[in-house]
Amino acid sequence: MALTVTFQGRTPLGTPGGATSYVVWSYTVQPGSAADLRPGQRVAMALPADADVRDPALYPGVPALAGAFLESDAGAARQYAGRTVTSTGSQTIAFVAPAASTDRELFLVTQTLGRAWTVTPYATVTGGEADNSHTLPAPVPGPPGPPGRPVGDFAGSLPYASEIFGVYQPLPGWLGYSGAGRLAVARGGEGPARELFAGAGARGGESEALQALALPSPPTEGILSPIGLVNLFRQYFFEFDTFLGAPVGHLWLSPGGTVEVVETSTRRTLVERTAEQSEETTRKTEESLTEQTDVADAVKEDNTNETSLGVTASAGANYVGIAHADVSTSYSTKNTTGKSSELTHKYTRAQSSKVSSEINRNFKTTFKTVTETTDTSSRRYVVQNTTDKLVNYELRRKMRKVGIQVQHIGTEMSWQIHVADPGLALGLGELVDIVPAPELSSLRRPEPPPTLAPVRTTITEVYPAQQHETSENGPHLGEDWTYQDGFDRLWHGHSNEYLIAHFNYTAVPPAPGYTISATDQEPIRVVEAKSGNGSGTKFRGPCEIIDRLSGQYRVNCQLVNFGGAQYVSLSIAVNWDPPARHPDQDAYELALAEYEKEVARLQRAAYAEAVRRRLEIVSKLARRPSEDLRKEERQSVFANLISQLDLFEGAQPFLSSELIRQMFDVDRMLYFVAPDFWRPGHAAAGEKSLGRHPVPAHDWNSTSADPLDGTTVLSRYSHTAAGNPPNAVDPVPVEDLEWRVNYPLTENTQPAPVGSSLGWLVQSDGDERRNEFLNSAWVKAVLPIRPGHELEALGWLKAAGVEGEAALDKPYTWQVGDPDTYRNKTIGEVLELLAAELQAKNTDIGNTLETEKVFETGFDPLEDGFRPAEPYQVFDQWTEVLPTDQVVAVEVVYDPKTGQQR
C-alpha cells in the first residue's frame, strides 16, 4: 500500500512577539506498511523554490518544528522541508512560511543515508491512487523574506545605542530687527533704527520702510523672521539576530587529510571623495565613512562629518545632526512635526543604508592554506577529515541584523540670528619647522684679493757725464760741477767746459696699477750717489715727476762730482700709491658670482625640499577632536552675538550673556554655516594674486626679532600660476593667460581638504566643518528656548532692544491641520498660543517619560514599518544587515553529475 499525505492546516508560531504574517504549516505522512518509512530514513515535502519557507532552526522554541530541516536543490528548483524518521508510524512534516495559501503541485521525497533524494509516489486519501505529484495547499509564490527571524520575535529587546536627529524650520511672518537690518545693509543702505520696529505702526507693518524690507519677490519672510521650531527625533538601534551570509571561500579535504586555515581579517579605510590609497576608481564624490563596524557608531560619525547639518552640543558633548528644512507656513506643532518627520524618514533611512553599505565594503577577509606553523596573530583553525570521503566546506560570513526605529521626542521654539565673519576670532595652529641650511662643504668660497698698500722701491740709475752742446773742451771729471742758472747746464767755474744738467728716467712699478705717489711731498728722491769707480761722491738734485701713471721722472742735477769716472750711480727711492681697484678684483668677482649662484641653487633646492616636506607634514597632521573644534566655534559665535546685541549699552558683556542664558539653552546652540561664495568683493585671480597663504621666500640670514620668523607654516600653501587659454597660439598675450591660485602637493601628500581649489584658508589640524567656518561670510545661529521659558523668551524677543514687534498684528493665514484656535488670529497671537502649548508640553513629565519608554519596555514592532508621525510617538522602523569579522565553515555536498549543491 502507498504512502498517504494529508494537509493538516496552519497554526500560529506561538512565540512571544512572533510575526503574524508567518505560520506553521503541517502535513501528515501515513505509511501503508512498516517498510514504507524506516527509522533513520529522511522524508520531506518538495516545495517550489519560490515559496518563502523559513529555516526551522530560527525557531528553537516551537515544539512542532523539533527535528525539522530545510534543504534546497537548485538543480530541481525545489526546496525540501522534512524530518528524520525516528520511529515507525505516522510522521508530521512542519515548516514556517507566510500564511497566504494556494493549491500547488507537491512532491514527496525520501532519502536513505549516503544516497540522493528519491521521488516517492503518494496518495492524498487512504486507498486513493498513488502518483509522483499531487495538488495540495501550499504557500503562495513570493520573494524570500528578510534574512534571519521576523522582527516581531524581538519584541521587548532593549536598544544598545541611540542617536538624536533634528529638523529646524523657520516660522515666517514676524519681521525681526536683526534679519531686516542685515538685509538693508546687503542692499546697499543703512541699518534701520530700532525704533522702527516698535509701536503700533510696526506691529501692523504699515510703515513704508518696513514694507520695503519685506520684499515679496523673492520672499524674505523666512529669512527675516527671528523665530523657528526644532523638531527632535531619536533613532534607536536594536540587536536582532545573526545568520550566515553568502560564501566567501571554499575548502575541500581528501580522506584523512588535514588543513590549517589562517583567517586574517583586515579593515580598509575608504575616502571616496577623492581616491583610495590603492589604484581603485572611486564611486562617490562625497566623503563616505567609515572606520566603524557598527551602524550606530557610523551614523554618529556621519552626522559629525555631514557639513550640511547644523552643529550643536549637549552638556555631555554628544553632537546632534540638525537638518534645515523649508520655511513652515503653519505654526501648528502637528503640521511641523509631520513635515519634519518626512524629512527625517528620508534622511535617516538613506543615511543608515549608506553607512551599512560602507560597513559591508569595510570588511575584507583573506584565507591562506599553510603547511607549517607561522607566527601570526590571526585566527587559526585546524580542519581534519576523518571520513573515507571527500569533504567540502563553504566559508560563510556571519551577518548581523540590526533594527532601527525613529521616535519624535519633542518640539522646541528657537531664536535665529545671523552672525557675520564668525571665523575672525579663531586662531590657527602654526607648524614649527626649522629649515636646515644646505650642505655647502663641497663648495669653496673664492678668497678676495689682498688689500693693496703704498709701496717704496729703490732703483739704481746711471747719471752720465755727457757734454753739453755748447761745451768747447773735454770735461775735467774730478771737479765739482754745479748748475749754471739761465743756461740749463753744469759747469765747474772756468774754461768753456759744460755738461748736461738733467736726464729723464722711467721707474718700473712694483705691480700693475701702481702709480707714483700723489700724496707724498717728495715721492722720488736720490738717497745715495757713487762714482763709477765705486767710491762715494757728491750729488745734489731734486727729481721732477713727468707722468705718474707711466712712472716717468727727471733728475735735475744741481751739484755733482764724478770722481774722475764717466758716470755716477744713483740710488733713487720711489713711493708708490696702490691702484684704486685690485687687478684681480674682476676675476674674484666673477668667481664669487659663480659661487653665490651655486649657493643659491643649493639653497633653492634645499628650500624646495623643505617645502615638500612641510606639505607632507601638514597633510598628515593629526586632526583635533571635532568636539573641541565645535566648542570653540560656538564660543566664537556666542561672543559675536553678545557684542552685536549690546543689550546694556556698553555695560559689562557678562550681563547680556547671563540674561540670554537664563532663557536660552546656549550650550545647545546650533549654527548653519553660509558658503563662502556669498562673501562680497570676490575677484578673479590675476598676476598679482597671492592666495591665503603663499609659499614665502626663505631668509637664510634672518635677524628678525620674532624668534619664529620663517620657521612656521600657518596653513596649506597657495601658489599663483598661469595657464594658457583654450586654443592658445604661441606666443600667448599676457592679458589672455588664465590665472589661478593653486595648491602645491607631492606624491606623498594626503588628498587636499575641501576648499583647497577655492582658495580657502585651511586650518592644518582642523576638519572640514572648521574650514567652512573659517571661510564663511556669516552663520545662522539658532538658540533653543529652555523648556518652560517659551512665553518669557517670546516676550523678551519682542522688546524694542532685541527683535521688535514688526508685523505681529498682521493676520495669520490658517492652514489645514492647524488648531481651530488659530482661526482669525494675528501672527503675534498665534505665536503666543504656540509658546503656551510648547511650554505646557515641554514641562509635562508624562511627555518626557513617553520619550524614555523604549528604554523600559524595549522594542515594540511597528506594523507595516511606518505610520504618520504624532508627537512623542515611534513612527518609522526598518532593518539593516551588517557583516561581522567572523566566518563559519559549513559542510556542503555537491551532485557529481549536475555540479549543483544538494
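Predicted model: local features only at pLDDT ≥ 70, side-chain atom pairs only at ≥ 80, totals over all residues.
Local features were considered at pLDDT of at least 70 and side-chain atom pairs only at pLDDT 80 or more, whereas totals for chains, interfaces and linings use all residues. Residues are numbered from 1 along each chain as its sequence is written, and side-chain values use heavy atoms, without hydrogens or water.

Helices α8 (residues 626-645) and α10 (residues 768-775) have axes that come within 10 Å and cross at roughly 20°. The two helices are therefore roughly parallel (angles under 35 degrees). Axes are lines fitted to C-alpha atoms over the stretch in contact, with angles from 0 to 180 degrees between N-to-C directions; helices (H or I, at least four residues) and strands (E, at least two) are DSSP runs numbered from the N terminus. In the contact (heavy atoms within 4.5 Å), Leu-629, Arg-630, Glu-632, Glu-633, Ser-636 and Val-637 of α8 meet Arg-769, Arg-770 and Phe-773 of α10.

The whole structure contains 23 aromatic pairs, defined by ring centres of Phe, Tyr or Trp (six-membered ring) within 6.5 Å, with planes under 30 degrees apart counted as stacked, over 60 as edge-to-face and the rest as tilted. The rings of Phe-7 and Trp-25 form a tilted pair, with centres 5.7 Å apart and planes at 40°. Phe-7 lies in strand β1 (residues 3-12) and Trp-25 in strand β2 (residues 22-30), 18 residues apart. Trp-25 is buried at 0% relative accessibility, whereas Phe-7, at 22%, is partly exposed (buried, under 20% relative accessible area; exposed, over 50%; partly exposed, in between; 1.4 Å probe, protein chains only).

Note on methods
Parallel < 35°, antiparallel > 145°, perpendicular 65-115°, else oblique.
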